[in-house]
Amino acid sequence: MTYRGTNTYLVGTTDIAVIDPGPDNMDHMNAILAALSPNQRIRHVIVTHSHIDHSPLARPLADATGAQVYAFGDSYAGRRPIMDQIAASGLIAGGEGVDTDFKPDITVSTGDVIDADGWSLEVLHTPGHFSNHIALDLGGIWFTGDHVMGWATSLVSPPDGDLTSFMASCHALRDQKADLFLSGHGDVIHDPHARLDWLIAHRLEREAQIIDQMAQGHSGITEITAAIYTNVVPALLPMAERNVLAHVIDLVERNKARAIGNIAFDGKFELL
């Protein structure tokens with residue numbers, strides 16, 4: 001699910017910010033430190049979101065360099081009430097590895113600026129893929145974490161992922177001036193607005209497919225997924241089911257569908 005691995009970015013010339021230090025891998029930390037010249041030092045460690053492929057190295061790197069860790073909050077910050085309720089029910093577990101121990105030294109949110117000599121990053125809270133997800137603007141160059149990636153669409157896996165928030169964050173990013181997106185996985189995105197337009201259209205197309213299946217009487221997540229994802233290898237079907245569930249929860253939130261009983265993978269849903 002991480003393609004070639006997690007992209008770690010170093011920003012600055014003298015006082016360096018490290019964006020998404022990555023998983024708990026000492027070889028990777030040594031590679032980050034080895035990239036510095038003698039007159040450079042890491043002052044900021046910034047985490048776009050606290051999945052285990054992005055954040056666990058933040059604390060060891062900060063301890064080794066004297067830097068502070070910046071993020072929106074811990075791994076539960078930014079959740080909407082419906083996702084808190086779903087999580088509390090115990091009916092849906094997270095689909096991706098969550099760094100449950102993660103805690104930043106300094107919390108940031110939309111409009112906050114992280115800066116040092118020669119650079120300035122403005123924060124935009126972009127929940128959806130994960131509730132504490134942020135994007136960072138370096139004068140039109142955006143670090144988009146896993147919200148917009150350079151290799152695939154972002155997984156939205158309830159209760160950690162929230163499609164209602166994801167779509168709102170896509171539109172919020174679409175409103176920004178952007179020349180490049182540098183994502184958490186994959187290559188540089190050279191036409192960021194076109195990528196966002198495609199991503200929004202893809203999600204709307206998937207929603208239409210789900211609504212069509214529900215209109216035909218398919219009410220369970222597994223059967224809806226099987227009817228839509230006909231070309232997916234079996235190993236990826238659990239991730240596809242999580243995406244379908246995210247869409248169905250969004251439809252429930254928007255009063256276009258209702259749950260027959262609990263909101264859960266084995267629950268039943270119908271259109272309103």
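One cavity of 30 Å³ or more is found in this structure, which is a predicted model. A cavity here is a set of points, on a 1 Å grid over the protein atoms alone, where a 1.4 Å probe fits but cannot get out. About 40 Å³ of space lies in the largest cavity; a volume is the space filled by probe spheres set on the grid points, which are joined across faces, edges and corners.

Residues are numbered from 1 along each chain as its sequence is written, and side-chain values use heavy atoms, with hydrogens and water left out. In this predicted model, local features need pLDDT of at least 70 and side-chain atom pairs count only at pLDDT 80 or more, while totals for chains, interfaces and linings use all residues.

**The cavity and its lining**

- Lining residues are those with an atom within 4 Å of a cavity point.
- For the largest cavity, they are Gly78, Arg79, Arg80, Met83, Pro127, Gly128, Phe130, Ser131, Pro159, Asp160, Asp162 and Ser165.
- This lining divides into four nonpolar, four polar and four charged residues. In this count, Ala, Val, Leu, Ile, Met, Phe, Trp, Tyr, Cys and Pro are nonpolar, Asp, Glu, Lys and Arg are charged, and the others, Gly among them, are polar.
- Proline 159, one of the lining residues, is joined to proline 158 by a cis peptide bond, with omega about 0 degrees.
- Look for proline 159 in the loop between strand E9 (141–145) and helix H4 (163–174). Helices (H or I, at least four residues) and strands (E, at least two) are DSSP runs, numbered from the N terminus.
- Threonine 144 sits in strand E9 and is buried, at 1% relative accessible area. Buried means under 20% relative accessible area, exposed over 50%, and partly exposed in between (1.4 Å probe, protein chains only).

- Helix H7 covers residues 237–253, 17 residues in all, and reaches 24 Å from its first C-alpha to its last. That is close to the 24 Å expected at 1.5 Å a residue, where the expected span is 1.5 Å times one less than the number of residues.
- H7 is mostly covered, with 13 of its 17 residues buried.
- The largest nonpolar core has 21 residues, and Ile86, Ile210, Met214, Val244, Ile249, Ile263 and Phe269 touch the most other members. A nonpolar core is a set of buried Ala, Val, Leu, Ile, Met, Phe, Trp, Tyr and Cys residues joined through side-chain atoms within 4.5 Å.
- At least two residues of this core come from each of helix H3 (81–89), helix H5 (192–215), helix H6 (221–228), H7 and strand E11 (257–260).
- H7 gives the largest share of this core, seven residues.
- Isoleucine 82 has its place in helix H3 and is buried, at 12% relative accessible area.

**Two residues with a positive phi**

- Most residues other than glycine have a negative phi, and most peptide bonds are trans.
- Asparagine 255 is not a glycine, yet its phi is positive, about 60 degrees. This residue lies in the loop between H7 and E11 and is exposed, with a relative accessible area of 60%.
- Aspartate 20 also has a positive phi, about 55 degrees, without being a glycine.
- The loop between strand E2 (15–19) and helix H1 (26–34) holds aspartate 20, which is buried at 2% relative accessible area.

**The five-stranded sheet**

- Five strands form an open sheet in the order E1-E2-E3-E4-E5, with mixed pairing. Two strands pair if DSSP finds at least two bridges between them.
- Strand E1 (9–11) and strand E5 (106–107) are the edge strands, each pairing on one side only.
- Strand E3 (residues 41–46) and strand E4 (residues 68–71) run parallel and are joined by three bridges.
- Valine 45 stands opposite valine 69 in E4.
- Valine 69 and arginine 59 are ten residues apart along the chain, with 7.2 Å between their C-alpha atoms.
- Arginine 59 lies in helix H2 (residues 58–65) and counts as partly exposed, at 32% relative accessibility.

Key
1 Å grid on protein atoms, 1.4 Å probe; cavity = no way out; pocket = protein on both sides within 12 Å on 5 of 7 lines; lining within 4 Å.
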